[in-house]
Every structure is written in C-alpha cells, then in structure tokens.
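Thanks for coming. I will walk through one structure today, beginning with a helix, then the strands, then the aromatic rings.

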Amino acid sequence: MRETPEELKELQALLDASLSRSTSHLRSIISTESTLTAEQLTQVLTGMCTLALSTVTAKGEPRISGVDGHFLHGKWHFGTALTAAKARHLAARPAVSAAHMRGEDLGVFTHGTVEILNPQDGEPAADWPDLRAYFKDFYGDDFFDWDNDVVYYRLHPHWMSVYAPDIAKLTAASRS
C-alpha cells in the first residue's frame with residue numbers, strides 16, 4: 001500500500017459519493033455489504049491489474065482496449081506506446097472509463113480524465129521520477145526506451161465504484 005492517510009481519505013470520499021449518486025439499480029447491486037473500503041481496495045489492487053480502457057475517437061465512436069493498470073496513491077496509472085491510437089485519442093479527448101474485473105469476485109469501475117505524466121513537449125509531472133522508478137522496477141529498465149517509446153497517464157477519477165460480493169474471500173486472497 002503506497003497511499004498516505006490523506007489519499008485514503010480522498011479515495012473513501014470518492015467511493016462514498018459515487019455510490020450515493022448512483023442509480024437505484026446500481027445501488028441494489030453494490031451496497032455497503034458488497035463493496036470495499038478505500039483501505040481494502042488498495043490492499044487488493046497491487047501490482048499490475050489489467051484494465052479495459054475506453055476512449056473516444058474524433059467522430060465520437062467508443063474504443064476499448066487493454067492496458068496495464070497500476071493503482072498507486074489512490075488512482076490508476078497506465079501507459080501505452082506513443083504511436084498507439086489511444087494515445088492520440090487521449091491527447092485530444094482526455095475523458096476515459098476504465099474497468100478492472102476479476103471474474104465475479106471483483107469489479108472496479110472508474111470514470112474520469114487523464115493527465116499525461118511524461119509529455120514529449122513539456123515538463124513531466126512532479127512525481128514522474130518516482131513513478132518511473134516504480135515502473136522500471138516492475139518492467140525492467142531495458143523493456144523499452146522510456147523517453148521515446150511510451151507515454152504514461154494518471155486517471156483522475158470523478159466517479160468510482162467497487163463490486164466485491166465476498167469481501168472476506170477477496171481480502172484473504174490478497175494477503176496470500
């Protein structure tokens with residue numbers, strides 16, 4: 001868990017607000033008994049978590065693809081090739097939706113906007129050196145040219161909901 005107490009507090013407030021303003025249909029499925037707290041979520045979302053990421057083309061057509069998601073400091077972080085279509089979509093239209101699902105045991109659904117962490121033509125995010133060190137440690141330093149091949153993003157969520165019908169099973173699996 002890399003989150004500070006303040007980041008956990010912000011994440012919990014987001015989870016609570018998102019569920020409270022959801023439709024009655026969603027609240028009938030995701031209740032306080034079938035969701036995770038911010039602290040539980042950060043314990044479960046460790047390492048690389050495959051995300052289904054949805055972007056939008058210039059014509060307004062949805063596109064979905066997979067990315068390696070890393071849940072760090074209460075937010076999703078992910079990268080893609082500089083030449084990928086999703087990189088063009090995100091540069092022009094930074095609104096995204098992302099889902100991480102583990103069968104019927106876990107669903108994490110997020111809507112928000114992305115921030116480019118290592119722009120080619122600008123200053124990197126203040127925490128990019130620490131994040132880059134994390135990614136290099138995870139993938140290896142020679143996985144690709146970190147300065148010219150990839151662009152990394154942070155998803156700033158405005159809505160996030162978590163479905164976990166068997167919290168004890170899920171949290172026990174994350175401890176083993």
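Helices, marked H or I and at least four residues long, and strands, marked E and at least two, are DSSP runs numbered from the N terminus. The expected span of a helix is 1.5 Å times one less than its number of residues. What you see is a predicted model, in which local features need pLDDT of at least 70 and side-chain atom pairs count only at pLDDT 80 or more, while totals for chains, interfaces and linings use all residues. Residues are numbered from 1 along each chain as its sequence is written, and side-chain values use heavy atoms, with hydrogens and water left out.

Helix H1 covers residues 5-20, 16 residues in all. From first C-alpha to last H1 reaches 22 Å, close to the 22 Å expected at 1.5 Å a residue.

Now burial. Buried means under 20% relative accessible area, exposed means over 50%, and partly exposed is in between, using a 1.4 Å probe and protein chains only. In H1, the buried residues are Leu8, Leu11, Leu14, Leu15, Ser18 and Leu19. They cover an arc of only 125° around the axis, which puts them on the same side of H1; the arc is that of the directions from the helix axis to the C-beta atoms. Pro5, Lys9 and Ser20 are exposed on the other side of H1. As background, an α-helix has 3.6 residues a turn, so residues three or four places apart point the same way.

Next, the strands. Two strands pair if DSSP finds at least two bridges between them. Here six strands close into a barrel, in the order S1-S2-S3-S6-S5-S4, with antiparallel pairing. From one strand to the next the twist averages 40°. Axes are lines fitted to C-alpha atoms, for helices over the stretch in contact, and angles run from 0 to 180 degrees between N-to-C directions.

S1 and S2 pair in the antiparallel sense over nine bridges, and valine 56 stands opposite proline 62 in S2. The hairpin of S1 and S2 has five residues between the strands, and there glycine 60 takes a positive phi near 85°. On the S4 side, strand S1 (residues 48-56) is joined to strand S4 (residues 95-102) by three bridges, again antiparallel. Two facing positions there are leucine 53 opposite alanine 98 and alanine 52 opposite alanine 99.

How many residues of strand S6 are buried? The number is 11 of the 14 in residues 150-163, so S6 is largely enclosed by the rest of the structure. Strand S3 (residues 75-81) pairs with S6 over six antiparallel bridges, with glycine 79 opposite tyrosine 152.

H1 lies across strand S2 (62-72) and S6, at about 55° to S6. Helix H5 (residues 128-139) lies across S1, S2, S3 and S6, at about 95° to S2.

The 12 residues of H5 should span 16 Å at 1.5 Å a residue, and its end C-alpha atoms are 16 Å apart, which agrees. In H5, Trp128, Leu131, Tyr134, Phe135 and Tyr139 are buried. Seen down the axis, these fall within an arc of 125°, so they line one face of the helix. They pack against S1, S2, S3 and S6. The face of H5 turned away from that side carries the exposed Pro129, Asp130 and Asp137. After H5 comes glycine 140, with a positive phi near 105°.

Last, the rings. Rings of Phe, Tyr and Trp (its six-membered ring) pair if their centres lie within 6.5 Å; planes under 30 degrees apart count as stacked, over 60 as edge-to-face and the rest as tilted. The structure holds nine aromatic pairs. One of them is phenylalanine 71 with tryptophan 76, edge-to-face, at 5.0 Å centre to centre and 70° between the planes. Another is tryptophan 128 with tyrosine 152, tilted, at 5.7 Å and 35°. That pair links distant parts of the chain, helix H5 and strand S6, 24 residues apart. Both tryptophan 128 and tyrosine 152 are buried. Ring pairs also link Trp128, Tyr134, Phe135, Phe138, Tyr139, Trp146 and Tyr152 into a cluster.

Definitions and conventions
Contact = heavy atoms within 4.5 Å.
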